[in-house]
Amino acid sequence: MSSDFSLEELYRETILDHNRSPRNRGQLPDATATVGLLNPTCGDQIRLDVKVDAGRVADIRFTGHGCAISMASASMMTEAVKGLPVSEALALARAFKRFLTGEDPGRDLGELETLKGVSQYPSRVKCATLAHNALEQALDPETSSPTSASSS
Ligand code: ZN
């Protein structure tokens with residue numbers, strides 16, 4: 001391994017790649033849940049379409065616009081949860097949010113771990129968790145608390 005190898009650069013490349021070529025972008029005509037969320041701090045907007053079938057996230061797509069962090073995080077999240085049982089998808093979203101507040105996520109987060117640097121910037125954490133909050137609301141509308149409230 002070369003001495004100027006930088007994990008941070010690798011992370012940045014992964015985030016930029018997702019931002020340039022978002023995975024699972026678009027809408028689902030047969031979505032079982034659709035959630036729109038806004039991060040007023042940064043101006044990020046996301047609409048998440050989820051199709052749950054037989055207790056699994058059968059398909060998931062997102063549209064929206066915002067900063068690179070919010071869009072890359074949404075793209076990575078859709079890849080990570082597609083095909084998972086609903087309970088697993090929710091567990092992943094919650095583990096990611098713990099991860100970004102500096103707690104032990106208690107599991108492997110895959111590419112989402114490239115967003116680790118965001119945890120140093122509280123205002124950016126809202127960008128990175130926007131899609132995950134939308135996922136929670138889509139999959140578990142009764143127990144998730146409203147996160148788009150403007151209580152700053
Ligand atoms: Zn943002």
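Here's a quick look at the salt bridges in this predicted model.

## The count

Ten salt bridges turn up in total.

## Arg23 and Glu79

Arginine 23 and glutamate 79 pair up through their side chains, with an N to O distance of 3.9 Å. That still makes the list because the cut-off is within 4 Å. Arginine 23 sits in the loop between α1 (7–20) and β1 (33–39) and glutamate 79 in helix α2 (residues 68–81), so this bridge ties together parts 56 residues apart in sequence.

## Asp30 and Lys51

Next up is the salt bridge between the side chains of aspartate 30 and lysine 51, at 3.2 Å, N to O. Aspartate 30 is in the loop between α1 and β1, while lysine 51 belongs to strand β2 (residues 44–53), so to speak of distant parts of the chain here is to speak of 21 residues of separation.

Aspartate 30 comes out partly exposed, with a relative accessible area of 40%, and lysine 51 is partly exposed too, at 25%.

## Asp59 and Lys82

Aspartate 59 bridges to lysine 82, and their closest N and O atoms are 3.3 Å apart.

Aspartate 59 counts as buried, because its 17% relative accessibility falls under the 20% limit. Lysine 82, at 37%, is partly exposed.

Notes:
Residues numbered from 1 in each chain as written. Predicted model: local features only at pLDDT ≥ 70, side-chain atom pairs only at ≥ 80, totals over all residues. Heavy atoms only, no water. Helix = DSSP H or I, 4+ residues; strand = E, 2+ residues; numbered from the N terminus. Buried < 20%, exposed > 50% of the residue type's maximum accessible area, 1.4 Å probe, protein only.
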